[in-house]
Amino acid sequence: MSSAITTTPPAPTPPPAPVPAPTPRAKSKPLWIRILEPVASLRITVVLFSFSLALVFFGTLAQVDEGIWFVVGKYFRSAFVWVPFQIFFPRPTPDGGGMAVGGYFPFPGGWLLGGLLLANLLAAHAIRFRATWRDALLLPLFVFSLVLFVLAEAQGSTQLLHWVGGFVMALVIAGFFAWHGKRGAILTLHAGLIVMMLSELITGLMAVEGNMSIRERGFSNFTEDVHNSELSFVRSVDEKTDDVAVVPDRFLRTGELVQHDALPCDVFVNHYMPNSHEPEPLKADFKNPATTGRGLRDMVQEKARVSGVGGSSDVDVPSAYLTLKKKGSGEVLGTYLVSNYLPPQRVELDGKVYELALRPKRTYKPYVLQATEVRTEYYEGTSRPKSYSSKVVLVDPTRNEKREVTISMNDPLRYQGETFFQSQMRGMQGPDGQLMPATVLQVVRNPGWLMPYISCIMVSLGMIIHFGLHLIKFLEARGRAAA
Amino acid sequence: MNKFSDYFPWCVCGLVVIYLGVIIANAQPSQRKDKANLDAFGRLPAMHNGRVIPLDSLARTDLMLFSGRESFPDLEGQTQPATKWLLDVMSVEAALDLSPTSPAGKHRVFRIKDADLLKRLGLDPRDGFYAYEEFAAKLTDVEKDQKHGDMMKDRSLRELQIQVNIYKRLASGRASQYKVFRIENEEVLAALGLKARSGLRYSIEEFLPKVGILWDYFTRLEQQRVTPSGPFDARMLDLSRNLLTYVEITHGSMPQVIPPLREGDTWRRMAEVGAGHPYARAFAEILVANIQEDAAAFNETVQILAKVLRERLPDEIRRADFESFFNHFAPFDRSEILYCGVFLLVCGSFFGYSGPLLRAAFWLCAIAVVIHTIALIFRIYLTGLPPVINLYASAVFIGWGAVLLCMGLEWIWNNGISLLAGSLIGVLTLIIATKLGAGNDTMGVLEPVLRTRFWLATHVTCVALGYTATFVAGALGIAYIVTGVFTPFLDDKLSKGLAKAVYGTICFATLLSFTGTVLGGIWADQSWGRFWGWDPKENGALLIVLWNALSLHARWGGMIKQRGLAVLAVGGNIVTAWSWFGVNMLGVGLHSYGFMEGAVFWLLFAVGTQLVIMAIGLLPLKMWRSFNVTRAPQIALPPPEPKLPKDFGKRKKGRADIKPGPAPA
């Protein structure tokens with residue numbers, strides 16, 4: 001690429017002078033430098049940036065058709081992705097608009113690009129930024145600090161570990177500035193970026209999210225993962241204990257026979273619908289697979305899976321038609337309609353009563369949350385919500401913990417490495433079948449949650465110092481020129 | 001330099017101050033006695049969509065929504081303020097009038113399907129609609145019978161009553177004759193029996209005979225089945241929505257004009273309270289006085305009501321007063337005009353008298369920015385929130401930041417180009433803001449998750465400033481390319497200065513957009529535990545960061561120099577425009593036939609222009625007028641890097657390009 005001014009001279013001057021000086025050194029360059037040099041090239045940085053730009057753009061366009069979670073997995077948390085050409089064209093519509101375009105092209109995925117950028121950055125620092133033996137001291141400190149932060153979360157938030165982690169990181173930054181002068185700013189900035197990339201990696205690998213719905217004056221000891229479902233057989237053993245057997249939804253594929261020792265029967269999947277319409281009364285022309293249970297009254301039809309741009313509140317609601325078969329003999333016990341929309345159904349198997357349901361995947365917790373008050377405030381004279389808040393009592397017998405807290409929007413509760421966020425409000429059936437207000441808490445365990453905060457501080461600090469020095473130098477030069 | 005050119009900037013600024021003084025004086029509460037004091041009426045407060053506004057604000061937004069203007073011609077053809085329209089619409093209730101013998105009674109607009117009801121009304125079943133005169137007499141009887149019968153039994157009678165009720169409101173009063181409904185779609189015009197004419201604004205009276213085709217749409221709106229099946233359908237829904245709003249206003253169910261009587265009460269609707277309610281009685285008197293055109297009674301009642309309210313609700317009234325003043329003063333429009341002036345002055349300066357013209361432009365710009373700043377402060381006061389709370393606010397804020405930044409750059413380089421860029425961005429963003437704000441309450445209330453001053457003040461402001469800096473860099477990039485290709489003025493000094501300005505601005509943009517984006521992630525982590533969700537808006541912000549980082553690294557790596565940086569900076573405009581608007585259009589692309597259709601066009605248009613400019617910027621230097629002319633003398637020799645680092649071999653060659661030693665004097 002040429003520049004406006006510097007390319008135009010008749011150019012008797014060869015590229016700036018000091019070519020001869022470094023030549024002897026170049027010969028004596030150790031092998032690792034010669035290998036790393038091309039890896040560290042800024043050209044590669046720029047190319048990787050362009051690819052990242054394109055990937056993020058594709059990943060955004062793809063969300064017109066597909067759910068955000070699907071896109072994140074496919075585009076950003078992957079090594080390669082096959083990008084459909086369709087994303088660049090208006091989608092075909094029922095009334096004949098748009099264009100149907102087929103075909104795919106391969107593209108590097110988020111983890112590959114992130115990894116390459118990381119390699120490029122590290123190589124650049126090894127070569128261009130005059131790493132010395134002293135930096136070898138900082139590296140373990142840097143890693144140690146991050147480990148402390150992650151550990152602090154994995155162990156349940158520990159203030160002390162946070163402080164120690166922060167102190168170690170401050171030492172590292174001080175080291176950057178002490179040993180590299182002004183370049184410390186860039187080092188801090190780039191180290192912050194590394195923290196950011198690692199945090200995305202840790203989140204991708206280790207973060208767990210779930211929802212906990214509690215009706216007013218009710219309680220809950222489990223979270224639900226709305227993105228995954230499970231088929232459950234629940235048998236009440238005594239007042240305090242249930243016997244639960246579940247089949248994760250990834251085994252529920254149309255035409256599959258599911259068998260397991262823990263299940264009270266075999267399950268044949270007649271039709272699994274990853275997303276479905278709400279149940280409606282049976283219509284005459286519907287070929288009903290169900291032979292017993294709720295399916296005799298209602299029917300459920302398949303629906304296209306939700307896309308990412310329609311608002312993140314939309315999720316797939318699966319349903320299925322299942323045939324229960326006696327273990328061993330294969331005797332058909334009936335075909336049931338199960339759905340995330342429907343409450344559990346009573347099924348009698350071998351004389352025992354089970355509750356059969358398709359439900360969001362549950363994770364049981366050692367503690368119980370009790371909602372004492374669930375509040376939605378509205379703007380005066382409208383049905384527009386102004387704020388949500390829930391007063392809850394957390395009881396954890398394993399730790400002798402009992403506390404009352406108010407969780408509201410932007411003000412979560414953090415407990416034992418998990419964070420409880422006010423997500424939304426809904427209606428839930430109370431004990432007498434009446435509709436009661438219920439709070440939905442988003443429960444997140446992410447050992448890397450603190451890392452972006454640290455990254456933000458480091459990168460911003462680095463940039464402010466780096467660009468600030470530039471600016472000061474520039475203004476001084478101008479001052480001199482003016483004087 | 002002669003005397004006049006010394007005084008010229010002062011003259012310009014003086015004239016502008018006088019202009020602003022006149023506007024402000026006009027925006028003061030009017031004290032007129034001879035005619036109905038609409039201004040005083042417009043200052044009365046009401047609760048609407050969760051906040052207290054002056055009626056004037058409601059009038060302006062709704063009239064804007066219906067007709068695309070904030071004023072309208074009355075029956076004599078005289079231009080009237082929106083408040084007058086709102087007042088007359090509110091007064092319809094007191095002038096309801098539908099008789100079988102009137103012209104309105106003869107229009108066949110009522111849909112009656114139920115055979116039993118038809119029989120009772122003495123009508124023959126037929127396709128199409130019935131006129132009021134055909135069943136008016138019988139309807140009263142049927143209603144009387146109904147009172148003793150089973151209320152639930154006859155849904156079709158209830159439907160008919162609703163139709164009559166709506167129709168009565170559409171047909172009555174002066175307001176039905178005001179030409180304020182803008183109908184652009186030809187199919188809709190044809191369906192309503194209208195002919196296209198200049199302005200495309202029609203009165204209800206004109207399409208009253210065809211109102212029958214709207215019942216389906218009203219029903220759909222009521223049941224919230226509002227996904228349009230095509231452009232015609234979308235426009236019909238829009239019109240029906242507006243007409244329903246109109247009916248609601250006539251009915252007194254919008255806005256809530258009855259203030260709380262005592263502590264703990266809420267604002268209520270006219271339709272909710274009985275006629276005995278003291279405020280309702282006063283309000284009804286005002287409306288009757290308006291119908292009877294009794295200016296004295298009107299003014300007196302408005303004055304008394306205003307006084308009582310001032311004592312009851314001093315805070316609300318002060319805000320409503322302030323907002324009303326803000327509406328009249330329209331400070332954003334004023335700054336928009338002034339920025340146009342700045343733009344023209346700078347353009348003029350390129351042809352001569354550059355010193356005085358530039359100075360005048362600079363100080364005019366300063367005045368405009370002051371007005372712009374005051375307007376932002378007004379908004380902060382009125383909303384009680386940081387400046388950027390919605391798309392509209394982001395536009396006015398970005399414009400403000402861009403102008404300020406450009407004035408700073410102008411202060412340093414003093415070549416007019418930054419000022420040109422700044423005034424242009426100022427005008428464009430304010431135009432965009434006007435489009436975004438049209439028909440919406442630009443200070444409307446926020447969703448629960450957004451109701452946090454801290455994050456609005458940090459994340460949102462930071463991101464908006466990041467957009468600002470990227471746009472400024474882009475505008476300077478355009479200036480570089482246009483000056484270089486089409487004029488001979490891009491000499492070495494200007495080229496270097498511009499490139500430095502672009503470079504510095506991109507650095508600034510990178511800092512702000514990165515920090516802003518990460519703060520957004522932290523906000524997300526605070527409110528739902530997910531730092532980064534890869535949703536379209538987040539991705540948009542990330543794209544800006546990546547683009548700016550790419551530009552900087554390409555520059556540091558020596559892959560691009562001044563011109564390349566200018567071209568990439570123009571690309572930044574595209575990325576930012578995508579992040580600002582494109583992302584919002586993504587989701588609705590399939591189903592929207594409304595406002596966004598036009599917006600998509602303008603976005604694509606903007607992207608197209610930027611691409612063309614980038615292409616021009618990539619033309620070989622031979623075709624650049626500047627370099628054809630100035631080549632030989634300019635390239636004396638770029639001063640060689642004076643102090644080469646000792647360890648040159650270890651560093652990137654490109655770094656030498658950024659700091660080419662001390663600038664040539």
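Contact is taken here to mean heavy atoms within 4.5 Å. The structure is a predicted model, in which local features need pLDDT of at least 70 and side-chain atom pairs count only at pLDDT 80 or more, whereas totals for chains, interfaces and linings use all residues. Residues are numbered from 1 along each chain as its sequence is written, chains are lettered from A and ligands numbered from 1 in the order in which they are written, and side-chain values use heavy atoms, with hydrogens and water left out.

Helices (H or I, at least four residues) and strands (E, at least two) correspond to DSSP runs numbered from the N terminus. A:Ser455 is located in helix 9 of chain A, which comprises residues 451–482. With a relative accessibility of 0%, A:Ser455 counts as buried; the term buried denotes under 20% relative accessible area, exposed over 50%, and partly exposed the range in between (1.4 Å probe, protein chains only). When neighbours within four places in sequence are set aside, A:Ser455 is in contact with A:Gly192, A:Val195 and A:Met196.

Helix 4 of chain A, spanning residues 68–76, contains the buried residues A:Ile68, A:Val71, A:Val72, A:Tyr75 and A:Phe76. These residues lie on the same side of helix 4 of chain A because they cover an arc of only 100° around the axis, the arc being that of the directions from the helix axis to the C-beta atoms. The cover over the buried residues of helix 4 of chain A includes helix 3 (42–61), strand 1 (80–84) and helix 5 (110–127) of chain A, together with helix 22 (536–556) of chain B.

Two residues of chain A other than glycine show positive phi values. Phi of A:Arg217 is near 65°, and this residue lies in the loop between strand 3 (208–215) and strand 4 (219–236) of chain A. A:Arg217 is exposed, its relative accessible area being 59%. For A:Asn400, phi is about 55°; the residue occupies the loop between strand 14 (385–396) and strand 15 (401–408) of chain A. A:Asn400 likewise counts as exposed, at 75% relative accessibility.

In chain B, a cis peptide bond with omega of about -10° joins B:Met254 and B:Pro255. B:Pro255 is placed in the loop between helix 12 (231–251) and helix 13 (278–291) of chain B. B:Leu436 belongs to helix 19 (residues 417–437) of chain B and counts as buried at 14% relative accessibility. A separation of 25 Å is found between the C-alpha atoms of B:Leu436 and B:Ile367, which are 69 residues apart along the chain.
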